[in-house]
Amino acid sequence: MPNISANLAGIKSPNPFWLASAPPTNSGYQIMKAFDAGWGGAVWKTLGVPVINVSSRYGALNYKGNKMIGFNNIELITDRPLADNLREIEEVKKYFPDHAVIASLMVNTREEWHQIVKDAQNAGADGLELNFGCPHGMCERGMGSAVGQNPIALETITRWVMEVAKVPVIVKLTPNITDITEPAKAARRAGADAISLINTIQSIVGIDLDNLVPYPVVGNQSTNGGYCGPAVKPIALNMVKNCALDENVRLPISGIGGIETWRDAVEHLLLGASNVQVCTAAMHYGFGIVREMIAGLEDFMRQKNFETLNDFIGLSLPKVKHWEDLNLNHKVVATIDSSKCIGCQLCYTACEDGAHQAISVSVDKGVRVPQIIEDNCVGCNLCSLVCPVDNCITMERRDDITAPAETWADYAAKDKAPTTFNDQRGGGVGHWNPTPKEAWDKRKNNR
Ligand SMILES: Cc1cc2nc3c(=O)[nH]c(=O)nc-3n(C[C@H](O)[C@H](O)[C@H](O)COP(=O)(O)O)c2cc1C
Ligand code: SF4
Ligand code: SF4
């Protein structure tokens, strides 16, 4: 049986699945239910001076029948008095001493930071997460992402916290910044024990076209909110990778953003996260999703012969290179399995209009089966991505697999890289392009 217990900067939990600071961690009642369902830890809804929220608060991006592939909110931190939250943290820790309870914090002055850190520690929190990420409302008051976007302010405030912290301190980063490693490095300089990312992405999720007000509608107005859910996972993964690879960050990472299944969680771990946090998926489907996450993770580890999480945390990092280090000789082309093809023509249209005119169509026994024109196929993957039938279009290697790899730098050193505008060594030279006139002729024929 694989051991899925996790350790983030000394904060231990029975598994790597934590609830992120958000409505599912608003109260001790919810966190007790979540731990009972199987979650290994929870980051309490951010504590501070209680707020007054607006109504309504959430918006969603639905896509072709799939609800909430992206989720947007304009709510603030906790609206409950600090004393109530602290009492419940203490109570939860009594029932679940081995689970991780993290206090998320956001206040203003040095005195307030000192006070709330001491209060959270006295209540028994296993760690502190500093919310420097909220991109709506709180940032207008100089907190949240206003701090996360300013490495000097982030470093100063983290130092204030470190002056009194006795438990591990996690700095939660905002993705609303050009280079996520800058605030991560500031957290490191200030002595933080870990970072967590990402918080939500500043966004407008859509507009009500009847009354022309963006969502979520508050009366006849709205405001920009924070975007999260499955749609943000690629952004989160890239930022986790950037922090994990940066020599000047070198802090344990709690990965957040778009995690809904065990696969999403494993991807975060493979790119360097020591554990993960989940918000939108728990709001969408409830606490029970953790059971599939645990079972899936254990299965994955069994299949790969991983005994502990450390056996695979960061294992994909060495496979992420700069573009200039990729092998320019690697060549794949699309191949269509005609026995699986349903003749929908999506691949033809995509390649014809959106790629390289490398697919032709002929009629075979009444079915229009496309064919790949190999000489024109650049191996971009587009047709295989749009094809609705699994494994109908696969990408197959065509280069000499015994030949050594050659990068851009190798090409330049061997004088194989183009250097002038009309250089005949460009990759598209020799590639057949229909003439503009052929488009005109097709247009006339189609009328
Ligand atoms: C409604 C809502 C409220 C949130 N409140 C907080 C908060 O109080 N503190 C915080 O650090 N993050 C907050 N977040 C951000 C989440 O903790 C998390 O970083 C983000 O949603 C990305 O994870 P996900 O894709 O799993 O939702 C909130 C998110 C949502 C959707
Ligand atoms: S891989 Fe790209 S270029 Fe090749 S056939 Fe498919 S869409 Fe066209
Ligand atoms: S997209 Fe796939 S199923 Fe549709 S025509 Fe192309 S190969 Fe066939």
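## A buried valine

A residue counts as buried if 20 or more other C-beta atoms lie within 10 Å of its own, as exposed if 12 or fewer do, and as partly exposed in between, with C-beta atoms placed from the backbone. V232 has 25 other C-beta atoms within 10 Å, so V232 is buried. This is a predicted model: local features need pLDDT of at least 70, side-chain atom pairs count only at pLDDT 80 or more, and totals for chains, interfaces and linings use all residues. Residues are numbered from 1 along each chain as its sequence is written, while chains are lettered from A and ligands numbered from 1 in the order in which they are written.

V232 sits in the loop between β14 (225–228) and α7 (233–245). Helices (H or I, at least four residues) and strands (E, at least two) are DSSP runs, numbered from the N terminus. Beyond its neighbours within four places in sequence, V232 is in contact with I201, Y227, G257 and G258. Contact means C-beta atoms, placed from the backbone, within 7 Å. I256 is 24 residues from V232 along the chain, and their C-alpha atoms are 9.6 Å apart.

## Where α5 meets α6

P151, L154, E155, T158, R159 and M162 in α5 meet E182, P183, A186, A187, R189 and A190 in α6.

Definitions and conventions
Two residues are in contact if their C-beta atoms, placed from the backbone, lie within 7 Å.
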